[in-house]
Each structure stands twice: as C-alpha cells, then as structure tokens.
Amino acid sequence: MVSAGGGEGGGAVIDNAVLELPPDATWDYIADLTGDNSWAAPEMRKIYEEIENSHYVKNGTDGHGFSGWLETNRSNGSWIGDDLDATIVLRAMLGQLGAPGNMSVEDLRNQLDRDINALDPVRDQATGVFGLVAHADSKGHRFSPANYVRKALVENPDLPLFVELNSTFTDIVWDPLSSGGPPAVMAINYVVGPSAYKADPRYNPHRNLTTRFTYIGKELIIAGGVFNSPQILKLSGIGPADELKKHNITLVVDAPGVGANLGDIYEGSVVSLAKKPNIDEMGSYSVQLKTSVSQNGSGISLWPVPYGFEGYWPGYPEDHGANAFTIAFALKNPHSSQGTVTLQSTDPLDPPEVNFRFFEKGEEQDLQEMLEAVSFVENMKARIANSSGLVPIEELSPCPSSSRTCTSGRIKDTLKKQVYSRHATGTCAIGNTALDPTAVVDSKFRVRGVNRLRVVDASVFPKPPGAFPILPTFMISRKASKAILSSSWK
Ligand SMILES: Cc1cc2nc3c(=O)[nH]c(=O)nc-3n(C[C@H](O)[C@H](O)[C@H](O)COP(=O)(O)OP(=O)(O)OC[C@H]3O[C@@H](n4cnc5c(N)ncnc54)[C@H](O)[C@@H]3O)c2cc1C
C-alpha cells in the first residue's frame, strides 16, 4: 500500500480534490467521546472558516472563509447544453430524484450552483445535485498544502521551516533522562534517498541511502497518514504489546489501538456501455442520496465518470472501450471499522500489512444501502429516451445485461467483492485517553503515555468522518496547530 501521493503535499497532490464538510454528528461524536467541546460542530465550522479562501461564494457569505490558506472553488454548469450526452444523463438523474424532465438549461445550471458546504441547519439532510467543490484556486487549478508551504517559504524566506524532501522517517529515539516520568521524545532517525520506501513503484534495492539523526526541539508531530503513522509508532515501541514482542521491539507504551480501528468509505460503481462511442465529458457534480437505511442524512454520494471504472488494482482501469461510462458511488457512513495495520517486519522501509476487513460489522445494512444506489442508477438509465442515441445501454457491472436479470442477492455479492477503498481513516484514533486504553491520542492529538509526541492526520478519526476525508483532515490540522501553539510540554 503506497502512502497517497508519496511526497510533499501527500494525497492532496493526487486526489480528486473533492471537498465536502462532514455532517455535524462527526464532530459532535468526537466532542462527546473526549469531553472536549472545542470539537463540537459549531466550533469546527469556525475552523473551516479560518482555513478557507473561497472563490465560489460571494465574499462575506456566512459559514465560509475568504482569507485562509485553503483555496476552494466549485465546478459550474457552464458546460451544460441541451443536446449533450452529459446533459441527458444529468436530466435523468434529476428525473429520478423527482424533478420535472423538461428543466431548462438555466435551471440545470442552478442545480450545480447548490453549495454542499453551506451553513444551513438542514445541510446534513440535503439530497439532490450539487456542483463539486474542490481544493482549487480561482482559475480552477489544484491547490494543495504543497502550494501553501511553498508560497509561505517564498513570501517569508526567514520562516523557521525546513522541508527535507526524499526523506523517510524510521523511528523515534527516546530521552534516556526521562526515567521516572512518561518517556519523552528526544530525536528521530530517518533515511535520505529517493523512493526509499519499498511500496514505492520506483523503489530500487540498489539505491543510495544515508541514515540521519536529528534532535527534536519542542515536540514531534507525526503526519505519515493512516498506514505509516501507526507503523512509525510501532517501530518506536508504541503499539500492542503482543505484536511488538513478536518483533522483539522494546515496549514503550502498550497501546492496543495503534494500527486498529482502520475504516473506510465503501466505493462501488455501475459500469455501462452506451449505444454510441465517445460520450462527452460528464460534468463535475455529485448526487446526494438518502436510502431506506441511511442514517444521519444522505448516506450515498454518486457521480458520473466518462469511462469504465470498477476500482483499483495493478493495471487499472480495465479498458471497456469508447462506449463505456460509469456512475460511481460512495457509502459515506459504513458500519465496519475493524481493519488493521500490522508490522510485517522491523524494517521501516517495508510496508505494513493492511487488512480492511470490510463488512465485518453492519454488512446487511451497508449492502442494502449500496443496492439502493445501484437501483437508483438503473432506474435513472431507464429514463434515458431512445431518441438520445445512447440507448440501449448495456450494463457491464454489477448486473451484466447478458444475465437479463440479477437478484438482489447476486448484486450484493458482486458489490461485496467489488467495493474499493481510497479514503482510509482510523489506526491512531482520538478518544478519552484517561479512560479508554484503545484511544491513541487525546483531543489535543497527544499520544497517550508519552511526552512531546502528537499524531495529526487522517489516522486520528475514530470512525470514517461521513464525508470524503481530505477536508476534515485539513480542518484537524488547523485545530492541531492551535493546540500546539497554546501548549507546553514538561
Ligand atoms: C486516488 C485518490 C483519490 C482521492 N480523492 C479524494 C477526494 O477527492 N477527496 C477527499 O476528501 N479525499 C480523497 N482521497 C483521500 C485523501 O487523499 C486522504 O484521505 C488524505 O490525503 C489523507 O491525508 P493524510 O495527511 O492523513 O495522509 P497523506 O495525504 O497520505 O499524507 C501522508 C504523507 O506522509 C508521507 N509519509 C508517510 N510515511 C512517511 C515516513 N516514514 N517518512 C516521511 N514521510 C512519510 C507520505 O509520503 C505522505 O506525503 C483520495 C485518495 C486517493 C488515493
């Protein structure tokens, strides 16, 4: 498993850039879990306002920010034209949502101007079509933390920030003088050299690597992501005692939650072949859907893709030819967070073993919710008129048209095998560290049982955040920076 992005900016330099605020319940859950009310939804909205520099809503719009580092923009409906294939699909989507079939181009464009991140008391319940909001600048170009860091260094060359690229942090060196109190971070070991990590496809066993050591000043903040942060903690002696013993790693803190609680949104798709080839770009929008089993607002997000896409595997995507298109979907609140990240060896350059253990909890409900997403797409396709030139539409997956009909059971079986993952969270979960031994960090991101160490990345979410994770991760980064600036370690 490769860390998303594999470099400066992390996943934000390669992701689909979609920004969606999680439902309020996500933040309120963390506030309840930790007893720290600064995590409550209204407080987290303020954090969002602080980091955002919105290019898509009118300056001053409540609930948005206009001077933060995170440039945001939204796709609009300027591409919509009456005879386009993409417009036909959009109309069918809206028709399936109950909208009249004869919406004007202007009305369709208005739908895409709906703001999925609006400050609206019923936002979490909102369904229907929304233009995609992205981490993008005023021209629509990707804007990520890498741009932010570079910009900050250019604007302020005296900034006390040193970025060392091509370096892989391997483990923590503990302060031998901290005996008596909790172990404290003293230094770190790391290696320097390109593509050192063995999960990197460019990895070359003959590359030149040098080992380095550096002292840590005030504190160490680990942000290696869901797979690597727990790996680093374990290699440094913080993890489940049994697992560390198996690898002869000296135990610093018995922390059973490190590498546990791995969760993810489930993603699936309906892949089809239209009658004609080269159907045009399908527009950037999502459809938020509430199913009969959705809890906590809209449970499904769907979006069109102008080619066949069934998920990730080496060599993906399979080429289904020029007639293929996909309606992809995400189940935003899956029930299972049972996955694990475990060490395969004590070599810090070996990737850990990742096992998502999907569907170990709530299987029936989650498959039902995705089945309803598939039904939505199939009913949507049935609305497309013969005159469109797209019909007949042959389904390739999950119910190949050649099978004529599929039972719900068969579709669920296919979905269970097909669902894929790219929005992992968990593995160093926030919790009440005073009461819960499985909590890895407290509400201020401090690792339980040691001094001068925090983890700040998507690994700290105690359960999938109910939305794509990059915006929630940007938000917690800001939250952590406040905690760091206002705290002092012994
Ligand atoms: C194809 C794809 C598309 C996605 N699209 C979206 C989307 O549209 N919207 C959304 O919300 N989310 C999306 N995501 C998910 C999103 O990218 C992640 O949730 C997010 O990047 C997690 O942030 P993070 O800071 O926790 O980890 P990461 O972004 O993975 O950052 C961790 C960083 O640490 C570095 N690192 C790891 N180990 C070490 C080490 N030992 N030493 C030094 N550096 C190390 C990594 O190289 C990486 O740069 C997508 C993910 C993928 C893979």
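The second largest pocket of this predicted model has a volume of about 340 Å³. Its lining is made of 23 residues, and those nearest the centre are Asn333, Pro334, His335, Lys463 and Pro464. H1 and helix H8 (363-382) are the elements that give two or more residues to this lining.

As the model is predicted, local features need pLDDT of at least 70 and side-chain atom pairs count only at pLDDT 80 or more, while totals for chains, interfaces and linings use all residues. Residues are numbered from 1 along each chain as its sequence is written, and side-chain values use heavy atoms, with hydrogens and water left out.

**Pocket and cavity**

- The lining of the second largest pocket divides into 7 nonpolar, 12 polar and 4 charged residues. Here Ala, Val, Leu, Ile, Met, Phe, Trp, Tyr, Cys and Pro count as nonpolar, Asp, Glu, Lys and Arg as charged, and the others, Gly among them, as polar.
- Rolling a probe the size of a water molecule over the atoms shows where empty space is left.
- On a 1 Å grid over the protein atoms alone, a cavity is a set of points where a 1.4 Å probe fits but cannot get out; a pocket is an open set with protein on both sides within 12 Å along at least five of seven lines, and lining residues have an atom within 4 Å of a point.
- Grid points are joined across faces, edges and corners, and a volume is the space filled by probe spheres set on the points.
- The structure holds 1 cavity of 30 Å³ or more, and the largest cavity contains about 150 Å³ of space.
- Of the 15 residues that line the largest cavity, Glu20, Arg123, Asp124, Ser298 and Lys332 lie nearest its centre.
- The lining of the largest cavity comprises 6 nonpolar, 5 polar and 4 charged residues.

**Salt bridges**

- In total, 21 salt bridges are present, each defined as a side-chain nitrogen of Lys or Arg within 4 Å of a carboxyl oxygen of Asp or Glu.
- Lys332 and Glu20 form a salt bridge in which the closest N and O atoms are 3.4 Å apart. This pair links distant parts of the chain, 312 residues apart: Lys332 is in the loop between strand S14 (324-331) and strand S15 (340-342), and Glu20 is in the segment before helix H1 (24-34). Helices (H or I, at least four residues) and strands (E, at least two) are DSSP runs, numbered from the N terminus.
- Lys332 is buried at a relative accessible area of 4%, and Glu20 is also buried, at 5%. Buried means under 20% relative accessible area, exposed over 50%, and partly exposed in between (1.4 Å probe, protein chains only).
- Asp350 and Lys198 form a salt bridge with their closest N and O atoms 3.0 Å apart. Asp350 lies in the loop between S15 and strand S16 (353-355) and Lys198 in the loop between strand S6 (185-192) and strand S7 (210-215), so the pair ties together parts 152 residues apart in sequence. Lys198 is partly exposed, at 31%.
- Arg422 and Glu267 meet through their side chains in a salt bridge of 2.8 Å, N to O. Because Arg422 lies in the loop between helix H9 (408-418) and strand S18 (453-455) and Glu267 in strand S11 (residues 266-273), the pair ties together parts that are 155 residues apart in sequence.
- Arg422 is partly exposed, with a relative accessible area of 28%, whereas Glu267 is buried at 0%.

**Backbone geometry**

- Most residues other than glycine have a negative phi, and most peptide bonds are trans.
- The peptide bond from Val391 to Pro392 is cis, with omega near 5°; Pro392 lies in the loop between H8 and strand S17 (394-397).
- Ser397 and Pro398 are joined by a cis peptide bond with omega about 10°; Pro398 lies in the loop between S17 and H9.
- Asn248 has a positive phi, near 55°, and is exposed at 71% relative accessibility. Its place is in the loop between helix H7 (241-246) and strand S10 (253-254).
- Arg452 has a positive phi, near 70°, and is buried, with a relative accessible area of 16%. Arg452 is found in the loop between H9 and S18.
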